[in-house]
Amino acid sequence: MNTSETLADLVAAEDVLLFVNAAITATGQREFRSDAVGQRLSLDFLHAYVRVNYRRVYASSLALDINDHNAARIVLGLLETAGEASAEERRTEGRLIAARLALLPPQRVYRLFGEVRRAGINNRRTRAIMRDWLAARPDLGHDAVKYRGGVKTAARHIHLRCPEGAGPLAEVGAFLFRPGRLPRYEHRLLDAWRRAHYEQGAVAELPFTVAEGFAARHGMKREVFLKRAAPRMTRLERLRTHSVTQRPEIDLTVMPLTRLALYVLSLPFDQRAARRTELTGALRTAARRAAGGHAGSWGRVHAVLDDSFSSSGSGQKRRRPLAVALAGHHLLEALAAPGAYRGLWTSGRGDALLVRPWGPTPLGMRVLDALGPGPGGAAPDRLVIVSDGWDNAPAGLAGEVLRVWRKRLDPGRRTAVVHVNPVYDADGFDVRRLAAGVPTAGIRDAEDLPALVEIARFAEGRTGAAELHAYLDRRVALFLGEKETVS
């Protein structure tokens, strides 16, 4: 392979990694240092660039741990430009789209179907994908009540046949398009919706988001309504509706790790301290569950965790970067060998449960500390940095420390260094990096950290497009194979 081909491969690999990092972290919402408009414009450009130049990679990204916002955008982009793909590409894309839609939250899918209709995408393949997804829903009557506008839009777009007469589909059709025609419904939720217009007792039978509107219409007291609706509320709905001064009646140990970290950070310091045993136990349980088979396999692990003021995030992503760092702290503890973990916060705090966004970002000083001997007097096997990359106390020190460490002190790479960044930098079309020789990956949920460390190795510049495409092909095969096994 000549020099120009090698350079082209490296550029292609960098473009792909740049998009994957954006698809993992960016949601088009305001971040600490950039507004929502800038985020959306930057993301729009990346989606268009990668779809046109690397369509195969663009579709393959659906098999990676990207966030739901970008997964929906990729599906829309593939459906909207189906004419640019070959017949074989369309077949593969169809399978990837179907597999990803099955994983997305239903409200996200119905919102996507609305965008499909507004974009005028009405070819046979698109209608088949939508029809198959609707057919696979466990209870279309429930969806018709909870996501009425979305179901109605999708049914109209695919010309869903809802015959008159008896049967579940007939009732859904009457509910959506001929309300008031039937005196009662056999489906429990459909009939509860009908009765809730004049009967308070039926309100508590409905999904919480629907019941809220009826409760307000009937003038029900908030406390009474929440008590009646509690048995049918999801864990997230219970967290959202309980005051921080109340003890939620939920099992924290079954919550996802990053979601749990967000909840912990929403509590006042006195509550965190009073519930230390419960909250720490829940975080460690969630971390062990997230680590899975990787638990205890990473050897000596040191971590630099960013709790500077910028980790407060934005009004739309409040405390998200700090939550990723807190969740990552507990996950890395579970991944490390027993007693071989050391976590260093940029603020110098030693109590992870009481962290808060505060102060500058002295990453360089903390990296120096982390590269030193830890428990047992040995250097780490892995150094993981969880930060937005804005090293400013002093500026650039972390990158220089890592450069000198890699070039002079550890050229044999005995210590693996990786930087995971939870914040998308709209101006740079990527997550901010600390040093050229340090692999960096975007991260949204700490649970994805083991997989992201594998992706990050491609950012070191020692592998090209061939290795990256092989990795993507393996992820696609695994993704589609798992879905086929499930079905």
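Where does Pro394 lie? In this predicted model, Pro394 sits in the loop between strand 3 (382–386) and helix 20. The peptide bond from Ala393 to Pro394 is cis. Its omega is near -5°. Phi of His159 is near 55°, a positive value in a residue other than glycine. His159 belongs to the loop between helix 9 (148–157) and helix 10 (168–177). Most peptide bonds are trans, and most residues other than glycine have a negative phi.

Follow the loop of Pro394 into helix 20. Helix 20 (residues 397–409) packs with helix 19 (residues 363–371) at an angle of about 30°. Their axes are 7 Å apart. Because angles under 35 degrees count as roughly parallel, helix 19 is roughly parallel to helix 20. The crossing of helix 19 with helix 20 is right-handed. On the helix 19 side, the contact uses Leu363, Gly364, Met365, Val367, Leu368 and Leu371. Helix 20 answers with Leu397, Ala398, Val401, Leu402 and Trp405. By class, the residues of this contact comprise 10 nonpolar, 1 polar and no charged.

Now turn to the largest pocket. Its volume is about 2,000 Å³. The lining counts 43 residues. Leu236, Arg240, Arg259, Arg320 and Arg444 lie nearest the centre of the pocket. Elements giving two or more residues to the lining are helix 4 (68–80), helix 6 (106–118), helix 12 (208–218), helix 14 (235–241) and helix 15 (257–266). The lining divides into 14 nonpolar, 11 polar and 18 charged residues.

Key
Residues numbered from 1 in each chain as written. Predicted model: local features only at pLDDT ≥ 70, side-chain atom pairs only at ≥ 80, totals over all residues. Heavy atoms only, no water. Axes fitted to C-alpha atoms, helices over the stretch in contact; angles between N-to-C directions. Helix = DSSP H or I, 4+ residues; strand = E, 2+ residues; numbered from the N terminus. Parallel < 35°, antiparallel > 145°, perpendicular 65-115°, else oblique. Left-handed = near helix turned anticlockwise from the far one by under 90°. Contact = heavy atoms within 4.5 Å. Nonpolar A, V, L, I, M, F, W, Y, C, P; charged D, E, K, R; others polar. 1 Å grid on protein atoms, 1.4 Å probe; cavity = no way out; pocket = protein on both sides within 12 Å on 5 of 7 lines; lining within 4 Å. Points joined across faces, edges and corners; volume = space filled by probe spheres on them.
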